[in-house]
Amino acid sequence: MNAYLIRNVSVLGAAPTDVLIRDGVVAETGPGLSAPDAGVVDADGLVALPGLVDLHTHLREPGREDAETVETGSRAAALGGYTAVCAMANTSPVADTAGVVEQVWRLGREAGLVDVQPIGAVTVGLAGERLAELGAMADSAARVRIFSDDGHCVADPRLMRRALEYVKAFDGIIAQHAEEPRLTEGAQMHEGEVSTRLGLTGWPAVAEEAIIARDVLLAEHVGSRLHVCHVSTAGSVEVLRQAKARGVRVTAEVTPHHLLLTDVRAETYDPVFKVNPPLRTATDIAALRAALVDGVIDIIATDHAPHAVEDKECEWAYARPGMLGLETALSIALDVLGPEWDLIAERMSRAPARIAGLTEHGHDPAPGAPANLTLVDPAARRVIEPAELASRSRNTPYARMTLPGRIVATFLRGEATVLDGKAIK
Ligand SMILES: NC(=O)N[C@@H](CC(=O)O)C(=O)O
Ligand SMILES: [Zn+2]
Ligand SMILES: [Zn+2]
């Protein structure tokens with residue numbers, strides 16, 4: 001189908017109207033449109049948003065296709081309302097060469113459900129010892145602009161400085177997993193009252209805050225762009241607030257789970273709640289939510305981290321950190337922010353598209369815009385059943401929780417990837 005007439009849709013919460021998409025773009029908007037050749041989508045009660053953009057997704061291909069593939073992760077993304085995801089580099093082999101990033105990019109094109117934009121590793125093998133071939137990845141067909149050793153911190157300050165300087169040449173950005181490794185050796189959860197009670201080794205807030213403080217100073221010194229992954233503490237928010245006030249070119253993300261869940265979940269000893277950085281306290285959540293509203297935190301990114309059953313359904317200490325996010329992110333945003341559609345569009349689509357340089361994404365559905373959009377039913381409530389998720393993994397922290405909102409349809413360049421809440425392919 002190369003045309004869809006979306007009837008009676010509320011664009012970002014405005015009064016219902018019709019939206020006609022044709023040949024990959026929004027052709028027309030207005031009440032009472034007609035287009036006999038177009039597929040009709042009855043969107044009574046639905047809200048149209050620009051297609052969501054995830055700056056932080058783990059797709060696990062190549063290497064751990066038993067946990068997720070580019071295709072299964074793309075399907076999960078489309079069902080979550082996404083039209084673009086940035087795929088983290090901690091695959092096996094690591095995405096540290098032009099060859100690997102091109103492979104991931106090509107697999108994304110073949111799946112055809114979302115645009116998959118590979119992120120390149122900062123250091124060879126994520127080992128933190130020497131810079132990967134950043135220039136070759138930038139020049140490759142994948143046109144990499146974001147580089148990250150996510151899963152690991154670029155802990156060596158000299159290497160971090162070099163990376164920041166290097167990517168300036170092509171307006172690249174370094175996305176840092178802020179974790180001072182010497183302060184988190186053996187860490188299992190947030191360091192605080194709960195970890196003391198449970199007798200688990202703590203991951204102190206300062207391990208994150210110290211790296212962010214160092215990195216904003218480095219980014220300021222060399223005039224480069226820094227992005228901070230999964231900000232999780234109130235103290236990090238204050239460091240970022242000060243840096244932004246000084247004009248440092250820094251952006252930051254928060255995950256849905258860090259906006260909703262606390263370290264108290266560790267009392268269940270259910271490793272589904274084990275994640276890096278760890279779930280923090282209610283005080284941190286309050287600060288993160290406020291920062292997301294006032295803009296100190298720029299975006300919500302999922303850090304979708306699928307893990308195979310044997311890596312999650314084991315003793316807490318042996319379980320891998322990470323949780324699913326793509327299929328529930330919009331629901332958590334709705335729960336946390338309420339129906340603030342413009343804010344949700346900004347934090348989950350426009351701003352991440354801008355940061356990643358994805359010029360085809362992050363546009364409100366208006367005439368002439370690329371037809372990358374999603375339709376949400378804000379009145380729906382759904383019970384999360386892990387077995388029903390499209391991801392190949394099951395490690396959602398929201399199992400059996402009732403969450404607001406449901407994605408009804410998603411369009412990528414005018415083609416439906418999701419209709420009636422189901423993936424097209
Ligand atoms: N967030 C996690 O706990 N895990 C991520 C890595 C990361 O984002 O640091 C993973 O790759 O599983
Ligand atoms: Zn990380
Ligand atoms: Zn991650």
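The shell around ligand 1 divides into 3 nonpolar, 6 polar and 3 charged residues. Before the views, a note on the model: it is predicted, so local features need pLDDT of at least 70, side-chain atom pairs count only at pLDDT 80 or more, and totals for chains, interfaces and linings use all residues. Residues are numbered from 1 along each chain as its sequence is written, while chains are lettered from A and ligands numbered from 1 in the order in which they are written.

**View 1. The shell of ligand 1.** Around ligand 1 stand His58, Asn90, Asp150, Gly151, His177, Val275, Asn276, Asp303, Ala305, Arg320, Pro321 and Gly322. A residue is included if its C-beta atom, placed from the backbone, lies within 6 Å of the ligand.

**View 2. Positions annotated in UniProt.** The "binding site" annotation, from an unreviewed UniProt entry, covers His58, Leu59, Arg60, Asn90, Asn276, His307, Pro321 and Gly322. UniProt positions follow the numbering used here, feature names are shortened, and annotations may be inferred rather than shown by experiment. The unreviewed entry also places "domain: Dihydroorotase catalytic" at residues 47-234. Over residues 47-234 the chain is 35% helix and 18% strand, with its end C-alpha atoms 32 Å apart. Helices (H or I, at least four residues) and strands (E, at least two) are DSSP runs, numbered from the N terminus.

View 3. Arg60 sits in the loop between β6 (52-57) and α1 (70-79). Is Arg60 buried or exposed? Arg60 is buried, because 28 other C-beta atoms lie within 10 Å. The cut-offs are 20 or more other C-beta atoms within 10 Å for buried, 12 or fewer for exposed, and partly exposed in between, with C-beta atoms placed from the backbone. Leaving out residues up to four places away in sequence, Arg60 touches Glu65, Ala67, Glu68, Thr91 and Pro306. Two residues are in contact if their C-beta atoms, placed from the backbone, lie within 7 Å. His307 is in the loop between β15 (299-300) and α10 (309-312). His307 counts as buried because it has 26 C-beta neighbours inside 10 Å. The contacts of His307, again without residues up to four places away in sequence, are Ala67, Lys312, Arg320, Gly322, Ser393 and Asn395.

View 4. The domain assignment gives domain 1 (3-47 + 368-423) and domain 2 (53-356), with bounds that come from an automatic or database domain assignment. Taken over C-alpha atoms, the domain centres are 26 Å apart. To the contact, domain 1 brings 27 residues and domain 2 brings 35. On the side of domain 1 that touches domain 2, the elements giving two or more residues are β16 (373-383), β17 and β18. Which of them gives the most to this side? It is β17, with 6 residues. The residues on this side of domain 1 divide into 15 nonpolar, 10 polar and 2 charged.

View 5. β17 (residues 402-412) and β18 (residues 415-419) pair in the antiparallel sense over 3 bridges, and two strands pair if DSSP finds at least two bridges between them. Leu412 has Glu415 of β18 as its bridge partner. With 2 residues between these strands, the hairpin has Arg413 at a positive phi near 45°. β18 then pairs with β19 (residues 422-423), also antiparallel, over 2 bridges, and Val418 is bridged to Ala423 of β19. In this second hairpin, which has 2 residues between the strands, Asp420 takes a positive phi near 50°.

**View 6. Parallel strands.** An open sheet of 5 strands runs in the order β9-β10-β13-β14-β15 with parallel pairing. β9 (146-147) and β15 are the edge strands, each pairing on one side only. β9 and β10 (residues 173-176) are joined by 2 bridges, and Ile146 has Ile173 of β10 as its bridge partner. Elsewhere, β7 (residues 82-87) and β8 pair in the parallel sense over 4 bridges, where Ala84 stands opposite Asp115 in β8. From β8 (residues 115-118), Asp115 and Gln117 point one way and Val116 and Pro118 the other, and all are buried.

Technical notes:
Nonpolar A, V, L, I, M, F, W, Y, C, P; charged D, E, K, R; others polar.
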